[in-house]
Amino acid sequence: MNTSELFSLIPLMMVGGGILILIPVAAWKRNFQLAFAISTTTIIFDLAFIFIKGSCIKVDRASMLFKTDACALFFIGFFAFLALGVLLISYEYLKNFPGNKEEFLILILLGTLGGMVLAASNHFASFFLGLEILSVSLYGLIAYFGRQPHLEAGVKYLILASASSAFLLFGVALNYAQCGRLIFSGYGLPLIFVGLFFKLALVPFHLWTADVYEGAPAPVTAFIASISKGAVGVFLLRYIAQGSMNSQLVWITIAIVAIASMFVGNACALLQNNIKRILAYSSIAHIGYMMVIIYLFKNYGDVGGIRLSSIMFFYLIIYTLTNLGTFGIITAYSRWNQEMASLDDYRGLYWKQPVSAMFFTIFLFSLAGMPLTAGFVGKFLIFSAGIWSQCWWLLLILVVNSVVGLYYYLRIILTMSQEAEGRLVPLPVRLPVPLLISLGLMLSAILYLGIRPDSLLHWIQYFSQSLYSR
Amino acid sequence: MSGLLAFIVYFAAVLITAVGMIGISFFIGQRHQERSTGEAYESGICSVGTSLLRFKVNFYHVAILFVILDLESLFIFIWALTFREAGWTGFIVMLFYILVLLLVVVFFWREGIFKINKRRPLPLHG
């Protein structure tokens, strides 16, 4: 390993270094403000390094394990940005917790590091390591506050995620048995897909989603919905771009999974009365839309692949940003000992807290795919890709599901605009500043990308090419 | 497809064996209900007390820490096998690795996990 390779790994090492500083701080001098400052500075330095010095990184792969091409660097920076958002929304949530607060920040940074490793992985060893860092820190995060619903969600996630990891590891072992190496290839693909689909919550493996989203503390749910899903999505595209998927059966499976995810996600979301559960089922449907793009990869080689992967990346970025914003609003009204997740709690939010209700409405519009928000551009790009590939039947299912999805997003907005009768939930008078910064960042990103999507698409198309360069 | 067929036959054989073993013993096996049928078999000694004992969680902490550090030291062992090939780079990487492990042990020590005899209330909230 030479100096330039070491230099290209600095974005990953910085986050690791931040964790190593935080551990002695937590051991010797417990101070939440100090620990929070250290963790946010780490993330900001990481972002600044990628932004300023990212173009100086010339090597495409840092070692056998990591790729540090434009795609990996962009997503390392993007996950740092999301982690900053999660840290900012969790400040007020954590502040009055009587137990140890510093470890929560360490676990958030660790999970982010896992997501970054996943985005940069080029080898099954680094991939599995990243996935496990991500999920093990999630077990801790979900059950962190030790209340009954948290523990229940944590144990559910622990058991199911370790079972899916076992499947995935078996797929990796089959790959090794066939190739004698741990590079990405098409062997053992069904079992690897089981592991990835579980993390993405696609339909046959979606049962954990609603329970874990509901039981987990609100900032942790934001973390699962943004960084955890985003990292696995990025990896899925990298895997598809490199591994050879020439079996017809795989494509049929992907189509079935996509259709089932869209229908099950949207249908179940219609019946829920808990906002976190609605968003959980809507996330299943959204990942189903993304699987439609993956299915379209079937007919195209590298050139079409670049176009399709840039669409998928765009949708993934929009989706994670919007979800972080949505769960940020829920976090604003929740504390570690009380979650405000029932739909009734939001009755009359427009009259009591017009600003945050406006924020919430725009985030929900973006999820539903209304024009002027980034969600519309994402949906539009998927439709255009479907028309371009002339995949009409899948497109029809997508349209039907988008219309069904509109219903439950509008239902939340309608509930917020109804007048609260009798039942008045005490709301905080002013939203805390860190949370407002985070929500403002997400909101401006969504609105800006909704009006000027070409600014981001230009970048994405550039780094999607690096995905296919061998 | 022939590979799949073999798999189907194998799976069916597994299923038939499992169902057969349980089913045959269910239908033609003997059933009896005596005074001490339901009692736990403790090598001829009457069982005493309940199995729902309470363990100190401190013991669990030390045990899990032992297992984790044992696993980590396995990696040091692998490095020792390739000591000459790994060279100075491997040495520096290993120093860093051991430093991280040390940091974790220090963290647990400061948290008071090694004080087995000290009675500490469980940090449960709500």
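The legends below describe close-up views of a predicted model. Local features are given at pLDDT of at least 70 and side-chain atom pairs at pLDDT 80 or more, while totals for chains, interfaces and linings use all residues. Residues are numbered from 1 along each chain as its sequence is written, and chains are lettered from A in the order in which they are written.

**View 1. Chain A as a whole.** Chain A has 19 helices and 0 strands, where helices (H or I, at least four residues) and strands (E, at least two) are DSSP runs numbered from the N terminus. Its C-alpha atoms fill a box of roughly 65 × 60 × 40 Å along the principal axes.

**View 2. Helices H4 and H18 of chain A.** H4(A), residues 70–95, packs against H18(A), residues 433–451, at an angle of about 145 degrees with the axes 7 Å apart; axes are lines fitted to C-alpha atoms over the stretch in contact, and angles run from 0 to 180 degrees between N-to-C directions. Among the residues that meet are Gly85(A) and Tyr91(A) in H4(A), and Pro434(A) and Met442(A) in H18(A), contact requiring C-beta atoms, placed from the backbone, within 7 Å.

**View 3. The kink in helix H3 of chain B.** H3(B), residues 83–110, has a kink of about 70 degrees centred on Thr89(B), the bend being the angle between axes fitted to the seven residues ending there and the seven starting there. Just after H3(B), Gly112(B) takes a positive phi of about 80 degrees.

Key
Contact = placed C-beta atoms within 7 Å. Expected span 1.5 Å × (residues − 1).
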